[in-house]
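Here's a quick tour of a protein model, written for someone new to reading structures. Have a look at it first, then we'll walk through a few spots together.

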Amino acid sequence: MKYCVLLCGLLLMQAVGLSAKERARLQADDVDISRSGDSVHVSFRLKVERLAKDYILRVTPLLYGKDGQQAVLPPLEYGSRTAQIVEWREKRVKEKRKSASAYHKSGEEVAYTFVLPYGEWMNGASLRLDAKSKGCCSEEMLPPVLLAEDVALIVPVEQPVPVMPELVPAPVVESVAEQLAQENTFLEEWTGSTRSDEAAVADDTETAMAIHFPIGKWDVLPDYEDNHIALDHLVSVLDKIAGAEDSRIARILVVGAASPDGSAKLNEYLAGKRAQALTDYITSHTALSPSLFEISNIGVAWNALRALVADSDMAGKQQVLNIIDTVPVWDATKNVGRLGLIMQLNQGKTYEYMKRHFFPKLRNAGYIKVFYEAQL
C-alpha cells in the first residue's frame with residue numbers, strides 16, 4: 001500500500017508538470033528589427049499566459065544567421081511570487097548570493113528592447129524565442145516561437161538628391177481695405193448679406209463701432225462721451241477705402257438701439273431716429289451715397305443688455321437673467337413686463353445699478369459695420 005501511494009503521488013506531480021507546460025502560451029507582436037549605423041535594434045512586445053503558479057518560464061530571444069552564427073539576447077523571466085522565492089533560494093546557494101533576475105507575472109505584457117553591434121552575418125538573419133519552463137516536478141523546453149525571418153539589414157546606398165532651386169513665393173499684396181481691417185474690427189469683407197437682428201448686435205458688441213447719445217436724444221453730439229474720436233476715425237477710414245483703387249465700400253450697416261428705460265414706443269422711435277441721424281452725419285462728412293447704407297431699428301437692445309449682465313458680478317445677476325430669458329417684454333394677459341419685474345428686485349437697487357452702469361452703453365446707433373470688397 002505504501003508503494004502504491006508513493007507511485008500515485010509521483011504520477012500526480014508529473015501530471016501537474018505536464019499541465020503547466022500545456023497551459024503556458026507565448027504571444028509576441030510589434031516585432032521590429034532594424035539597423036541604425038553600426039547597431040541593430042531589436043524590439044517586440046511579449047505576453048505569457050497560462051503559466052502555472054509554481055513554475056518559472058525563461059524566454060530567450062535568439063538572432064541566428066544562415067551561416068550558423070548567432071547572438072543570444074538577454075532573457076525575460078516569468079513566474080509567480082512563490083516560484084520566485086524558490087528560484088532565489090536556489091541561486092543564493094548555488095551562485096553565492098548573486099543578484100536575482102526581475103520576474104514578470106503571467107498575463108503581463110512586457111516591452112522588450114535590445115541594441116547589439118551589427119555583424120555582416122546578421123543580414124538575412126532570423127529571430128526566434130526559446131522558452132524553458134522549470135517547476136517543482138519538471139524542466140522542459142517549449143517549442144520555439146519564430147518572430148521574424150530573412151531580415152534585410154543592409155543599409156541602402158544613398159542616392160544623390162538633386163538640389164532644387166528654392167521657390168520664393170510671390171508676395172501677398174493686400175488691398176487698402178484689407179490692411180485697414182487688420183486694425184479696425186468694424187471692417188468686414190463683403191459676403192453678399194448682412195445680419196441686422198438684435199442677436200447680431202449682442203454678438204458683435206465688442207467689434208462694432210458705437211456712437212453714444214444722451215437719454216431721450218437722437219442728435220449726433222461729437223463732444224458727448226468722446227464721440228468725436230470715433231467719428232473722426234470712422235470718417236478717415238471710409239475716405240481711405242473710397243479713395244483706393246483696389247478697394248471699395250459695398251455696404252454700411254447702421255442699427256439703432258435704445259435702453260429699456262422709457263416706454264416701448266418711445267424707445268423704438270429713439271432707436272430709429274438715432275440710426276438715421278448717424279447715417280446723415282456720415283453722408284454729410286464724406287462723399288458716400290446714401291444708397292450704400294442699410295438702416296435697421298431693434299428698439300430696446302435686450303440681448304446686448306443680457307450680455308452685459310452675464311459678464312458682470314452685480315448683485316441679483318441670476319434673477320435678472322432669468323427674467324430676461326423667461327418673461328415677455330410685455331404680457332398683456334398678466335399686465336406685467338420684464339422691466340417692471342427687474343425694477344422690483346432688491347427694492348429697486350438692482351435696477352438703479354443697471355441704469356447707471358449698463359443703460360448708457362445701449363443708447364447708441366448700436367451696430368455700425370462697414371463692409372468692403374476688392375476692386376479689380
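## A residue out in the open

Thr191 is exposed, because its relative accessible area is 67% (exposed means over 50%, buried under 20%, and partly exposed in between, using a 1.4 Å probe and protein chains only). You'll find Thr191 in the loop between strand 10 (187–189) and helix 4 (198–203). Helices (H or I, at least four residues) and strands (E, at least two) are DSSP runs, numbered from the N terminus. Thr191 and Tyr372 are 181 residues apart in sequence, yet 9.1 Å apart in space, C-alpha to C-alpha.

A word on the background: this is a predicted model, where local features need pLDDT of at least 70 and side-chain atom pairs count only at pLDDT 80 or more, while totals for chains, interfaces and linings use all residues. Residues are numbered from 1 along each chain as its sequence is written, and side-chain values use heavy atoms, with hydrogens and water left out.

## Aromatic pairs

How many aromatic pairs does the structure hold? There are five, where rings of Phe, Tyr and Trp (its six-membered ring) pair if their centres lie within 6.5 Å, and planes under 30 degrees apart count as stacked, over 60 as edge-to-face and the rest as tilted. One of them joins Trp190 and Phe371, edge-to-face, at 5.7 Å centre to centre and 75 degrees between the planes. Trp190 sits in the loop between strand 10 and helix 4, and Phe371 in strand 13 (residues 367–374), so this pair ties together parts that are 181 residues apart in sequence. Are these two buried or exposed? Both Trp190 and Phe371 are buried.

Now take Tyr351 and Phe359: their ring centres are 5.7 Å apart and their planes at 75 degrees, so this pair is edge-to-face. Tyr351 counts as buried because its relative accessible area is 8%, and Phe359 is buried at 1%.

Strands of a sheet pair through backbone hydrogen bonds, either parallel or antiparallel. Here, an open sheet of three strands runs in the order 1-2-7, with antiparallel pairing (two strands pair if DSSP finds at least two bridges between them). Strand 1 (25–36) and strand 7 (109–117) stand at the edges with a single partner strand each, so one side of each has no neighbour in the sheet.

Strand 2 (residues 39–49) pairs with strand 7 in the antiparallel sense over nine bridges.
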